[in-house]
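Please look over the sequence and the fold below. The report that follows takes up pairing, packing and a few selected side chains.

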Amino acid sequence: MSAASSIALLLGACNKNDEYVVIKDSCGLNFENWEIKDESTRDYTFTALQKAERFILYSEKGVDNDGELYWGRGSVWNDDKDSIFIRDSQGLLVYYDSYGY
């Protein structure tokens with residue numbers, strides 16, 4: 001089964017105002033070297049993660065811990081419209097969503 005068909009993401013919880021994305025993995029995937037990016041050039045590459053069924057990626061600065069990761073960018077998601085792309089470690093697009101269009 002490919003990563004694209006086995007991943008479950010909850011991005012309905014993408015909070016553009018509070019600047020975080022909730023990701024749910026129901027298959028125990030290894031997100032190391034996966035990339036999440038917005039419509040512009042802002043991207044985040046996942047480093048080694050502890051296994052978690054659910055984690056939150058905050059746009060702001062902070063210290064990564066169990067279930068919470070920090071992008072360190074401040075504002076990432078546009079308030080009016082934006083897109084989210086998630087690519088696996090091989091660069092294959094496994095998730096796409098947008099809002100405001």
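## The sheet around β4

Lys 24 stands opposite Arg 54 in β4. The model is a predicted one.

Together, 3 strands form an open sheet in the order β1-β4-β5, with mixed pairing. β1 and β5 stand at the edges; each has a single partner strand, so one side of each lacks a neighbour in the sheet. The twist averages 20° from one strand to the next. β4 is mostly covered, with 4 of its 5 residues buried.

## The four-stranded sheet

Another open sheet holds 4 strands, in the order β3-β2-β6-β7. Its pairing is antiparallel. Which strands stand at the edges? They are β3 and β7, each with a single partner strand, so one side of each is left without a neighbour in the sheet. Neighbouring strands are turned by 10° against each other on average, direction ignored.

Within this sheet, 3 bridges pair β2 with β3 in the antiparallel sense. Ile 36 stands opposite Tyr 44 in β3.

## The chain as a whole

The protein chain has 1 helix and 7 strands. Along the sequence, the pattern reads α-β-β-β-β-β-β-β. Of the 101 residues in the protein chain, 34% are buried. Contacts also span the sequence: among those between residues at least 6 apart, 42% join residues at least 24 apart.

## Core and aromatic rings

Nonpolar side chains tend to be buried together in soluble globular proteins. Here the largest nonpolar core has 18 residues. Which of them touch the most other members? Ile 23, Ile 36 and Phe 46 do. Four strands each supply at least two residues of this core: β1, β4, β6 (82–87) and β7 (93–99).

Across the whole structure, a search finds 10 aromatic pairs. One of them joins Tyr 44 and Phe 46, edge-to-face, at 5.1 Å centre to centre and 85° between the planes. Both residues fall under the 20% cut-off for burial. Tyr 44 has a relative accessible area of 9%, so Tyr 44 is buried. Phe 46 has a relative accessibility of 1%, so Phe 46 is buried as well. Ring pairs link Tyr 44 and Phe 46 into a cluster with Phe 31, Trp 34, Phe 55, Trp 71 and Trp 77.

## Arg 42

Arg 42 lies in the loop between β2 (35–37) and β3 (43–45). Is Arg 42 buried or exposed? Its relative accessible area is 17%, so Arg 42 counts as buried.

The side chain of Arg 42 makes a polar contact with the side chain of Asp 38, at 2.6 Å. The Arg 42 side chain also reaches the backbone oxygen of Val 76, at 2.8 Å. Leaving out residues up to four places away in sequence, Arg 42 touches Ile 36, Lys 37, Trp 71, Arg 73, Ser 75, Val 76, Asn 78 and Asp 82. Trp 71, named here, is also in the aromatic cluster. Ile 36 is also in the largest nonpolar core.

## Glu 60

Glu 60 is found in the loop between β4 (54–58) and β5 (68–70). Glu 60 has a relative accessibility of 42%, so this residue counts as partly exposed.

Which residues does Glu 60 contact, beyond its neighbours within four places in sequence? They are Tyr 70, Trp 71, Gly 72, Arg 73 and Gly 74. Trp 71 and Arg 73 are touched by Arg 42 too. Glu 60 and Ser 75 are 15 residues apart in sequence, and their C-alpha atoms are 7.0 Å apart in space. Ser 75 is likewise among the residues that Arg 42 touches.

Technical notes. Residues are numbered from 1 along each chain as its sequence is written. This is a predicted model: local features need pLDDT of at least 70, side-chain atom pairs count only at pLDDT 80 or more; totals for chains, interfaces and linings use all residues. Side-chain values use heavy atoms; hydrogens and water are left out. Buried means under 20% relative accessible area, exposed over 50%, partly exposed in between (1.4 Å probe, protein chains only). Contact means heavy atoms within 4.5 Å. Rings of Phe, Tyr and Trp (its six-membered ring) pair if their centres lie within 6.5 Å; planes under 30 degrees apart count as stacked, over 60 as edge-to-face and the rest as tilted. A nonpolar core is a set of buried Ala, Val, Leu, Ile, Met, Phe, Trp, Tyr and Cys residues joined through side-chain atoms within 4.5 Å. A polar contact is a pair of N or O atoms within 3.5 Å; within protein, one must be able to donate a hydrogen and the other to accept it, and residues adjacent in sequence count only if both atoms are side-chain atoms. Two strands pair if DSSP finds at least two bridges between them. Axes are lines fitted to C-alpha atoms, for helices over the stretch in contact, and angles run from 0 to 180 degrees between N-to-C directions.
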